[in-house]
Amino acid sequence: MTICCLGDLVLDVIVRLDQPLATNADATSRIVLRPGGQAANVAAWICELGGSARFIGKRGADDVGLLAASRLAELGVELVGPVEPAGNGVIIALVDPSGERTMCSDRGVATDLRPEEIDVAWFDGCSYLHVSGYALLREPSGSAACAAVRVARSAGARISVDLSSWSAIRDFGAEAFRELLEELTPDVVFANDDEDRIVGGPIGASYWIVKGGAAGASFNGELRAAVPAGTVVDSTGAGDAFAAGWLVGGSDLALAAGARCVQSPGSMPARPTER
């Protein structure tokens, strides 16, 4: 069975800073390009961990979009969804020497996915539809994501949602977002501590997973310790690897995948040619 992941495919520009940024001055750094976007990250890690994944989203056919799509396909992910002539998203991730990150995001055409563009064929053989909260928090992609949930559920799929960003939930309206989640009734919800707090905790019968990074995670109230990660290089995408691990193999694989992700730059597994 295939796990479908709905959301963004972007090009990540990962800037690993060797020294702090300073206005009107240079900062030495190491820079790499990787495909990214929450849904694309989860799909890539699903394939890396032995599952089958299909990315669903709107993307561009410009140089940025073609590069991101080709890299994601190399990792074994099937890509479906509308393709526009230009406008693929780009995210710049500034990673400080401790491994913490600051994101500068341009989501491009991803937020323009419309409900009428959802194709029922995308959900053939779909066991789970994993929805990025970023898709829900903008229009028209929010309405498209809700339409996808209805189609996937009617096809027999379970639904998981990652809450994605406490600040985006704040801007959307925490109460309105909680009401939306109650309407969607996802089977599984992934959150971090800040996201869990801003939406007010578990909703209905949803299996509620709270990611705590180095502090471990709570699986529907059951606390589990983190897997030791060794040297933390870059925390970008660790939560997405964690979600993929849970969808493929449960809590043990989730914790192991998150720990593995932080030990290398970027939000996705290395391409076969980079190993």
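**Close-up views of a predicted model**

**View 1. Strand β1 is covered on both faces.** Thr2, Cys4 and Leu6 on one side, and Ile3 and Cys5 on the other, are all buried (under 20% relative accessible area, with exposed meaning over 50% and partly exposed in between, for a 1.4 Å probe and protein chains only). Because 5 of the 5 residues of β1 (residues 2-6) are buried, the strand is largely enclosed by the rest of the structure. Strands here are DSSP runs of E with at least two residues, helices are runs of H or I with at least four, and both are numbered from the N terminus. This is a predicted model, in which local features need pLDDT of at least 70, side-chain atom pairs count only at pLDDT 80 or more, and totals for chains, interfaces and linings use all residues. Residues are numbered from 1 along each chain as its sequence is written, and side-chain values use heavy atoms, leaving out hydrogens and water.

**View 2. β1 pairs with β4 and with β10.** Pairing asks for at least two DSSP bridges between two strands. Over 5 bridges, β1 runs parallel to β4 (residues 52-56), where isoleucine 56 is the bridge partner of leucine 6. Another 5 bridges join β1 to β10 (residues 126-132), also in parallel; here, look for isoleucine 3 opposite tyrosine 128.

**View 3. A cis peptide bond joins glutamate 139 and proline 140.** Its omega is about 10 degrees. Proline 140 lies in the loop between α3 (133-136) and α4 (141-154).

**View 4. Asparagine 24 has a positive phi, near 60 degrees, without being a glycine.** You will find asparagine 24 in the loop between β2 (10-17) and β3 (29-36). Asparagine 24 is exposed, with a relative accessible area of 81%.
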